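The following note sets out points on the fold, the chain contact and selected local features. It is arranged as numbered paragraphs for reading beside the structure.

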Amino acid sequence: MSILFYASAIISVLSTIMVITRVNVVHALLYFIVSLLSVAVIFYTLGAPMAAALEVIVYAGAIMVMFLFVMMMLNLGQPTIDQERAWLSPNVWIGPSILAAILLVELLLGLMTTDATIAHTMVEAKEIGIALFGPYVLAVELASMLLLAGLVGAFHLARK
Amino acid sequence: MFSFEVGSLLNIGLVLVVGLVVSIMMIWVERRFLGFFSDRLGPNRVGPFGIFQVIADALKMLTKEDWIPPFSDKFTFVIAPMILPIVMLLSLGVIPFAPGIGVMDLNIGLLWVFAMAGLASYSTMLGGLASNNKFSLLGALRGAGQMISYEVFMGISILGIVILSDSFSLREIVQAQTDGWFIIPQFFGFIVFMVAGMAESHRWPFDLPEGEAEIISGYNTEYSGMKFGLFMIGEYIGMVVLSTLIPVLFFGGWLAPFGLEFGNEIISGLFWMGAKTSFFLIFFVLVRAALVRPRYDQLMSYGWLVMLPLSLVNLLITGAVVLYQAG
């Protein structure tokens, strides 16, 4: 299990780096899907198969499809790739790299000082349901209101 | 290792070989039956009853020039046709064929099938987008809209089953049907699921992403040789997956009807599962022969104005009845 965990962790980090550095937006999206799938594998190894399935269904299966759908409408061609390449100059990397390096050091320090072991309890679908409609029912209601507002807004825009 | 238990090598080999052979043979079966339904002969030249037609087709495809358009996005163009057969074979893995026969027994089996169906739509979309051809793009756009829309009702339509069987595991769903198949309490769920499943695997009459009358061949216009063959075989594996999933969810899976059980439970289970699957495979061929393709706006309004309310009402009533019976 730990080999699976480390392998998918490495894949997710590498594919996320590829997402940032690709200039072709379709390739970036493909790597993003790989990254999401590897995160789903990590969820599975940590004992949350339901979260893994939802990660694939919702993020990889629905939201990324929406991204691709919009991309098809936009007619992105060579000009976009050139523009991306111009924006991705080495100077832009300095600031974020320093900030990310600080975070990495903090993370490594935190991992070294605390005795972090992977929790091996399976979280079943039933427990997620009980948690969602028990203590977190307010969050579910707020999310549904937000979605309804989005739906009404889209309907209004489409009517014009 | 080589015994009849879920996940043994024998089982993996059996499911893979039988699944692939049935999917490939479906190409011949479909053409033969379409010929029969429209009073023609169909392919009948290669071997007895034309049964080796598929081999001839495969040879033709393998020896054709494998052309990658110079104006396409080559990386995506090559990856796109591989996705569909892979994810469809993966979803065949969770199907319970009989007690002890199957590749995986996941407690999220149903969600697994949905995850794989969601990923399958990338094949159509990336194929159309990478071809860099206007007709392909139109086909891919249609495919994306159609699959996103029909995935919604497909998901809602099977929630009634999850409520009744209290599980996402396909084996537990089959076992929950020993007292009666879910087709009776979930009839509307079945209707929505079957239509949405056909739209999801873009089988006729929902093959608008291909729509050869208007947009040449849609998303696979630029594909030739075995790359096109992968799209086609992926579609047929999808048809087999759908035809096994419908019996598992609504018709008791490997359970024998009217107590017609014989032999040991594996043989009897395989027989009944095979019989039910064959029925739906032939049924889909018949649907293809009988129905005409809708217009795209008809497809969308049918989905959102008929299927979505129907599945929501079905879910609401199922939940209410289960709560009422629980007291």
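**Notes on the model**

1. D39(B) counts as exposed because it has 6 C-beta neighbours inside 10 Å; a residue is exposed with 12 or fewer other C-beta atoms within 10 Å of its own, buried with 20 or more, and partly exposed in between, the C-beta atoms being placed from the backbone. D39(B) has a positive phi of about 60° although it is not a glycine. It is found in the loop between α1 (9-37) and α2 (53-63) of chain B.

2. The model is predicted: local features need pLDDT of at least 70 and side-chain atom pairs count only at pLDDT 80 or more, whereas totals for chains, interfaces and linings use all residues. Residues are numbered from 1 along each chain as its sequence is written, while chains are lettered from A and ligands numbered from 1 in the order in which they are written.

3. D166(B) lies in the loop between α6 (159-165) and α7 (170-175) of chain B. Its 12 C-beta neighbours inside 10 Å make D166(B) exposed.

4. Chain B comprises eleven helices and zero strands (DSSP runs numbered from the N terminus, helices being H or I of at least four residues and strands E of at least two). Of its 327 residues, 48% count as buried. The radius of gyration of chain B, 20 Å, agrees with the value near 20 Å for a compact globule of 327 residues; the radius is taken over C-alpha atoms, and the globule rule is 2.2 Å times the number of residues to the power 0.38.

5. In chain B, 20 residues are in contact with 16 residues of chain A, contact meaning C-beta atoms, placed from the backbone, within 7 Å. On the chain B side, α3 (74-92), α4 (109-130) and α5 (134-157) each give two or more residues. The most come from α4(B), with nine residues.

6. In chain A, helices α1 (residues 2-21) and α2 (residues 25-45) pack at about 155°, with axes 8 Å apart; axes are lines fitted to C-alpha atoms, for helices over the stretch in contact, and angles run from 0 to 180 degrees between N-to-C directions. That angle makes α1(A) roughly antiparallel to α2(A) (over 145 degrees; under 35 is roughly parallel, 65 to 115 roughly perpendicular and the rest oblique). Among the residues that meet are L4(A) and F5(A) in α1(A), and A28(A) and Y31(A) in α2(A).

Key. Contact = placed C-beta atoms within 7 Å.
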